[in-house]
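Please look through the sequence and the structure shown below. The report that follows goes through selected parts of the fold.

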Amino acid sequence: MRFDLIKCHGSGNDFPLIDARALSLGDADWARVARALADRAGPVGGDGLLLLTAGDEDGRAFGMRMFNSDGSRSETCLNGLRCVARAGFAATGLTRATARLKTSDALVVRDAEIAPGVFTVRETAGPASLDVAAWPMHVDADQIVETPLAGLPSTRAFTAVAMPNPHLVAFVEAVDDAELVRVGEACEAAPDWLPNRANVSFVEVRGTDLFVRTHERGVGLTDSCGSAMAASTYAACLTGRIAYDTPTTVFNKGGLVRADAGADGMVTLSGNATVEWSGSVTVDLESGESGVESGARDLVITRRHDEEIAAWETLRNPM
């Protein structure tokens, strides 16, 4: 099947994005498409697949579906949502909308440029939840705030936040990637106490700013994860490290976003939605494999957006 797509990224979190409003594939087929297109060994690559979906009679102008690179579906992806919002704005002529996610809604607004030439979207999501029974996480507590977890290969204290996808956040003096991967892989194994897995973030507090490094569920170690930055911002406020309702800059290896969190659990991120190129590709829906041999082939790039890439370079990896 031939798909038109764009390659885009939010804060370095990169994705193929397809306008799926007129397409009727089921989840199994979309999972195959995700595995084919988001495979780093294939012609497109990415941290997952984004779909722009149609609006509804409840006032949502459009929606987002997100599949991780392993084909699993995520409740949300806030870096990806900014990219989908940009596509939704272009499709509908709006600059402000409510978008439908898997289990929640989010407000998205075209924002002032975070840097010259950088298309910027402000998104508000939440409320963040501390109810671990909803993940589910099978532990002897209703909430996990600054608490070590016996099932993890780490003695660090974690805070568990759902945005609504599940996040474990630990505040550290300095991020150790190897330790983060060990903890992330332990969660990725879906142990009995954590059957739906979790995203894991190590966070450095830098004055009033944060630096976040994330092992993302269904993806692995990523340069950026938007919902992790939101969860980390809320966790930093919850634990008194930064103040509620106060703008902060959240850095990651992919770039940065502006953020603030309220005591009500609502979190706002403002960041880029950058398009790198537009094109089309064929995916073999009969194959459940991934990669060049099994799925994505005959990629044709019709336009490269070099000016957007150059504009983002002014903010990339500004640590």
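## A loop residue with positive phi

D245 sits in the loop that runs between α4 and β14 (248-252). The model is predicted, and in it the phi of D245 is near 55°, a positive value in a residue other than glycine. D245 counts as exposed, because its relative accessibility is 56% and the cut-off for exposed is over 50%.

D298 also has a phi near 55°, again a positive value in a residue other than glycine. D298, however, belongs to strand β18 (residues 296-304).

Among the buried ones are G226, M229, T233, Y234 and C237. Just after α4, G240 takes a positive phi of about 80°.

Helix α2 (residues 78-92) has 15 residues and a reach of 20 Å between its first and last C-alpha, close to the expected 21 Å. This helix is mostly covered, with 12 of its 15 residues buried; they include L78, R82, R86 and F89. Just after α2 comes G93, with a positive phi of about 80°.

## One buried face on α5

Which residues of helix α5 (residues 306-313) are buried? They are E308, A311 and W312. Seen down the axis of α5, these buried residues fall within an arc of 95°, so they line one face of the helix. In general, an α-helix has 3.6 residues a turn, so residues three or four places apart point the same way.

## S280 in strand β17

S280 is part of strand β17. Its relative accessible area is 11%, and buried means under 20%, so S280 is buried.

The side chain of S280 is joined to that of R2 by a polar contact of 2.8 Å. Leaving aside residues up to four places away in sequence, S280 touches R2, F3, D4, L5, D298, L299 and V300. D298 in this list is the residue of strand β18 described above.

## Nonpolar cores

The largest nonpolar core has 48 residues. Those with the most contacts inside this core are L50, F62, M64, L81, V108 and V161. L81 is also one of the buried residues of α2. Beyond residues up to four places away in sequence, V161 touches A128, S129, L130, W135, P166, H167, A231, Y234 and A235. Of these, A231, Y234 and A235 are among the buried residues of α4.

A second, separate core has 20 residues, including L152, V172, V183 and F202.

## Two cis peptide bonds

The bond from W135 to P136 is cis, with omega near 0°. P136 lies in the loop between β8 (120-125) and β9 (159-162).

The bond from M163 to P164 is also cis, with omega near 0°. P164 is found in the loop between β9 and β10 (166-171).

## The chain as a whole

The chain has five helices and 18 strands. Its radius of gyration is 19 Å, close to the 20 Å that the globule rule gives for 319 residues, so the chain is as compact as a globular protein of that length. The C-alpha atoms fill a box of roughly 50 × 40 × 40 Å along the principal axes.

Of the 319 residues, 56% count as buried. Among contacts between residues at least 6 apart in sequence, 62% join residues at least 24 apart.

Technical notes
Residues numbered from 1 in each chain as written. Predicted model: local features only at pLDDT ≥ 70, side-chain atom pairs only at ≥ 80, totals over all residues. Heavy atoms only, no water. Helix = DSSP H or I, 4+ residues; strand = E, 2+ residues; numbered from the N terminus. Expected span 1.5 Å × (residues − 1). Buried < 20%, exposed > 50% of the residue type's maximum accessible area, 1.4 Å probe, protein only. Arc of directions from axis to C-beta. Core = buried A, V, L, I, M, F, W, Y, C linked by side-chain atoms within 4.5 Å. Contact = heavy atoms within 4.5 Å. Polar contact = N/O pair within 3.5 Å; in protein donor to acceptor, adjacent residues only side chain to side chain. Rg over C-alpha atoms; globule rule 2.2 N^0.38 Å.
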